[in-house]
Amino acid sequence: LGYGEFAKVGTTAAPFLKIGVGARAMGMGETFVAVANDASTLYWNPAGMTNMQQISLTASHSMWFADIYHDYMGLVIPKGNTYIGLSVVALNMGDEEITTLDEPDGTGLYYDVSNVAIGLSYARRLTEQFSTGITAKYISENMHNETAQAIAFDIGTYLRTNYHGMVIGMSVSNLGSKMQLDGRDLISIVDTDPNTDANTETDASLKTESYPLPLIFRVGVALDVVGGYDPFITSDRNRITLAVDGNHPNDNTEKLNLGMEYAYEEMLFFRTGYKINYDIEKWTVGGGLKFNLGRKIMKVDYAMVDYSDLGMVSRFSLELNF
């Protein structure tokens, strides 16, 4: 960091919103804002829905750190020149026993922590080359008896240029209200006049601070260099797509992601990515298979990310088009 600069880590609420979704996107190093052509695009760039001509359903599961589960489900429905999407992102953990100073081995009571974001998306193709989309979402954090809610919006654009079909995508995520925890555990008994013995104690609510959401601005470029749409090198069997994403969060420094996807006959896929200016994340790798099931298409994807001392995180995705 240069003089006068600092990373504002820990200054936003709902950090689970920063965890990427979809094994395909993760395998490409989170370079998906301009690729944006499956149902995980509801998270990365809602304008990408206009790339899909069939109903598409995607589900993703990841075992995060410390026995925490991260899940995603997205549904895209094309309706003429407009597109409707529904998405759910969830981060949760199992029940944990409550311990206190008096009972360090457990009280027999349990707590849990869960986070969820439910989004409704709309996109429209304005021209053959340019699309735009928006998502409205409800965000909730639950920590035992305390909860916090917020309403936020994601806005995205998708532009296919005339230069070998190069795509430029942009999105702003989590533009919305602040979050503030509230609940019955914050109610305390207070003596309003400790100098008087005859007064009655009263209930009081402890005040918690409100925090903004993790606002993220992303811009990306994607290009088919071999095969695919208007490539440099024509190929009927092979496709190589290169992508680069830059993102600017409001609670950290700018980051740059590089990604590549290789496809053989659009049935077998290999992906890799590299992340720049991250604390512990560097290389990503993944792969996938596509199966034609009559009028339906099924895709199975896997990605693995190395988090250094924290270990490896695997992500699985299943996509159905029908």
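Guide: For the count of charges, Lys and Arg are taken as positive and Asp and Glu as negative, while His and the chain ends are left out. The model is a predicted one.

Visitor: With charges counted in that way, how far apart are the mean positions of the positive and negative charges of the protein chain?
Guide: The protein chain carries 23 positive and 39 negative charges.

Visitor: How many helices and how many strands does the protein chain have, and what box do its C-alpha atoms fill?
Guide: In secondary structure, the protein chain has two helices and 19 strands. Taken along the principal axes, the box filled by its C-alpha atoms is roughly 90 × 50 × 40 Å.

Visitor: What percentage of the residues of the protein chain count as buried, and what percentage of the exposed area do carbon and sulfur atoms supply?
Guide: The protein chain has 322 residues, of which 41% count as buried.

Visitor: Among contacts between residues at least 6 apart in sequence, what percentage join residues at least 24 apart?
Guide: A contact here requires heavy atoms within 4.5 Å. Among the contacts in the protein chain that meet the separation of at least 6, those joining residues at least 24 apart make up 52%.

Visitor: Which class of aromatic pair do tyrosine 43 and tryptophan 44 form?
Guide: The count of aromatic pairs in the model comes to five. The ring centres of tyrosine 43 and tryptophan 44 are 4.8 Å apart, and both residues are buried. Planes over 60 degrees apart count as edge-to-face, and the planes of this pair stand at 85 degrees, so the class is edge-to-face.

Visitor: Which residues lie over the faces of tyrosine 229 and tyrosine 278?
Guide: Over the face of tyrosine 278, at 5.1 Å from the ring centre, lies lysine 255. Over the face of tyrosine 229, at 4.2 Å from the ring centre, lies arginine 160.

Visitor: Is glutamate 30 buried or exposed, and what is its phi?
Guide: Glutamate 30 is placed in the loop between α1 (23-27) and α2 (41-44). Buried means under 20% relative accessible area, and glutamate 30, at 11%, therefore counts as buried. Most residues other than glycine have a negative phi. Glutamate 30, although not a glycine, has a positive phi of about 65 degrees.

Visitor: Where is asparagine 277 found, and what is its phi?
Guide: The location of asparagine 277 is the loop between β16 (268-276) and β17 (283-293). With a relative accessible area of 42%, asparagine 277 is partly exposed. Asparagine 277 is likewise not a glycine, and its positive phi is about 75 degrees.

Visitor: What is the relative accessibility of alanine 39, and which residues does it touch?
Guide: Alanine 39 belongs to the loop between α1 and α2. Its relative accessibility is 0%, so it counts as buried. Once residues up to four places away in sequence are set aside, alanine 39 touches Met52, Ser56, Thr58, Tyr72, Gly74 and Val76.

Visitor: How far is threonine 196 from isoleucine 155, C-alpha to C-alpha?
Guide: Threonine 196 sits in the loop between β11 (187-190) and β12 (202-205), and its relative accessible area of 33% makes it partly exposed. Along the chain, threonine 196 and isoleucine 155 are 41 residues apart, and the separation of their C-alpha atoms is 58 Å.

Visitor: Which residues are in contact with phenylalanine 232?
Guide: Phenylalanine 232 lies in the loop between β13 (216-226) and β14 (238-249), where it is partly exposed at 42% relative accessible area. Neighbours within four places in sequence are left aside, and the contacts of phenylalanine 232 are then Tyr163, His164, Leu223, Asp224 and Val225.

Visitor: How far apart are the C-alpha atoms of lysine 296 and glutamine 54?
Guide: Lysine 296 is part of strand β18 (residues 296-306) and, at 46% relative accessibility, counts as partly exposed. Beyond its neighbours within four places in sequence, lysine 296 is in contact with Phe291, Asn321 and Phe322. Lysine 296 and glutamine 54 are 242 residues apart along the chain, and their C-alpha atoms are separated by 9.5 Å.

How values were computed
Residues are numbered from 1 along each chain as its sequence is written. This is a predicted model: local features need pLDDT of at least 70, side-chain atom pairs count only at pLDDT 80 or more; totals for chains, interfaces and linings use all residues. Side-chain values use heavy atoms; hydrogens and water are left out. Helices (H or I, at least four residues) and strands (E, at least two) are DSSP runs, numbered from the N terminus. Buried means under 20% relative accessible area, exposed over 50%, partly exposed in between (1.4 Å probe, protein chains only). The place of a charge is taken as NZ of Lys, CZ of Arg, CG of Asp or CD of Glu. Rings of Phe, Tyr and Trp (its six-membered ring) pair if their centres lie within 6.5 Å; planes under 30 degrees apart count as stacked, over 60 as edge-to-face and the rest as tilted. A charge sits over a ring if NZ of Lys or CZ of Arg is within 6 Å of the ring centre and within 35 degrees of the ring normal.
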